[in-house]
Protein chains: 2
Amino acid sequence: MQLTRAADYAVRVMIHLATLPLGTRVSRDTLAMATEIPIHFFSKVLQVLARARLIAVHRGASGGFALALPAEQVSVLRVGRRSKVPSLSTFVPCMAPVAAAKDWCPAHLVWLEAQAALTQVLKNASIGKLAGHAALPRQGKPDKVVYPWN
Amino acid sequence: MQLTRAADYAVRVMIHLATLPLGTRVSRDTLAMATEIPIHFFSKVLQVLARARLIAVHRGASGGFALALPAEQVSVLRVGRRSKVPSLSTFVPCMAPVAAAKDWCPAHLVWLEAQAALTQVLKNASIGKLAGHAALPRQGKPDKVVYPWN
């Protein structure tokens with residue numbers, strides 16, 4: 001997957017829902033406020049997550065949005081991949097399988113390895129774990145923070 | 001950096017120049033043909049590499065494009081970073097330093113770690129090494145190929 005704004009927003013929604021007691025339904029407005037996602041992106045993000053069956057949409061007076069499955073079972077990679085970004089080979093033609101044997105693409109395996117390194121990190125990070133750490137006080141300096149998933 | 005089409009193209013040019021004897025000047029047409037970069041992107045790619053002083057542009061009858069420095073000293077990361085892509089935090093707001101302490105961004109360090117994993121691979125891959133392997137016969141199946149930079 002590609003690191004994108006859409007993936008960022010989708011992950012925010014998932015983590016926020018995962019910080020709440022299981023089964024909690026959250027209104028659209030509350031979710032928008034908590035995640036600070038620009039309003040013109042917000043409907044799209046929810047739509048994508050609902051279509052991917054990562055969140056459940058409950059209608060009616062007591063309705064709202066909730067996680068559709070346990071957060072520990074959902075990786076950041078899974079959420080990111082569902083965020084409707086074109087496949088990476090659209091961005092990097094040299095990553096496409098057909099490029100492997102092309103004279104203009106000796107870097108084919110480098111791009112693939114870079115992509116694999118990126119996805120491995122996102123695969124290892126579960127929404128559940130991140131939500132568990134969301135309540136802890138955090139500092140503005142990332143280099144002073146111990147990586148919580150180690 | 002982001003994996004992009006622009007980075008792919010810039011790396012292709014650098015590798016092709018690196019496969020040639022030091023100091024060789026290549027015409028624009030030859031370079032375009034060898035790298036198979038779409039013509040509407042090509043001028044931009046050369047411009048970016050020249051501005052970054054990664055390639056030298058020689059005018060006149062015996063002019064052409066050549067590497068501006070030894071290929072072994074240039075990593076794929078360095079070329080990719082110069083390919084005029086907006087910084088990644090433009091794409092992923094949660095990666096920006098200011099996001100570290102925000103309640104909506106518990107994934108801050110995950111995005112950074114993913115980005116670091118990606119850039120490490122590209123940093124370790126030198127244009128010179130890739131050019132050295134470019135002349136070797138390659139197969140269409142990447143999983144049968146030994147990673148040349150190991």
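In chain A of this predicted model, residues 24 or more positions apart account for 67% of the contacts with a separation of 6 or more, two residues being in contact if their C-beta atoms, placed from the backbone, lie within 7 Å. Buried residues make up 41% of the 150 residues in chain A; a residue is buried if 20 or more other C-beta atoms lie within 10 Å of its own, exposed if 12 or fewer, and partly exposed in between. Residues are numbered from 1 along each chain as its sequence is written, while chains are lettered from A and ligands numbered from 1 in the order in which they are written. Because the model is predicted, local features need pLDDT of at least 70 and side-chain atom pairs count only at pLDDT 80 or more, whereas totals for chains, interfaces and linings use all residues.

**Fold of chain A**

- Chain A has seven helices and two strands, where helices (H or I, at least four residues) and strands (E, at least two) are DSSP runs numbered from the N terminus.
- Along the sequence these elements of chain A follow the pattern α-α-α-β-β-α-α-α-α.

**Relation and contact of the two chains**

- In the contact between the chains, 47 residues of chain A touch 48 residues of chain B.
- On the side of chain A that touches chain B, two or more residues each are given by helices H1 (5-18), H2 (28-35), H5 (88-91), H6 (108-124) and H7 (127-134) of chain A, and the largest share, 13 residues, comes from H6(A).
- By class, this side of chain A has 31 nonpolar, nine polar and seven charged residues; Ala, Val, Leu, Ile, Met, Phe, Trp, Tyr, Cys and Pro count as nonpolar, Asp, Glu, Lys and Arg as charged, and the others, Gly among them, as polar.

**Helix packing within each chain**

- In chain B, the axes of helix H1 (residues 5-18) and helix H3 (residues 39-51) come within 10 Å and cross at roughly 70 degrees, which makes H1(B) roughly perpendicular to H3(B). Axes are lines fitted to C-alpha atoms, for helices over the stretch in contact, and angles run from 0 to 180 degrees between N-to-C directions; those under 35 degrees count as roughly parallel, over 145 as roughly antiparallel, 65 to 115 as roughly perpendicular and the rest as oblique.
- B:Tyr9, B:Ala10 and B:Val13 of H1(B) make this contact with B:Phe41, B:Val45, B:Val48 and B:Leu49 of H3(B), and the residues divide into seven nonpolar, no polar and no charged.
- In chain A, the axes of H1(A) and H2(A) come within 10 Å and cross at roughly 110 degrees, which makes H1(A) roughly perpendicular to H2(A).
- Here A:Arg12, A:Val13 and A:His16 in H1(A) meet A:Leu31, A:Ala34 and A:Thr35 in H2(A), a contact of three nonpolar, two polar and one charged residues.

**Surroundings of B:Trp111**

- B:Trp111, found in helix H6 (residues 108-124) of chain B, is buried, with 29 other C-beta atoms within 10 Å.
- Leaving aside its neighbours within four places in sequence, B:Trp111 is in contact with A:Leu3, B:Val92, B:Cys94 and B:Met95.
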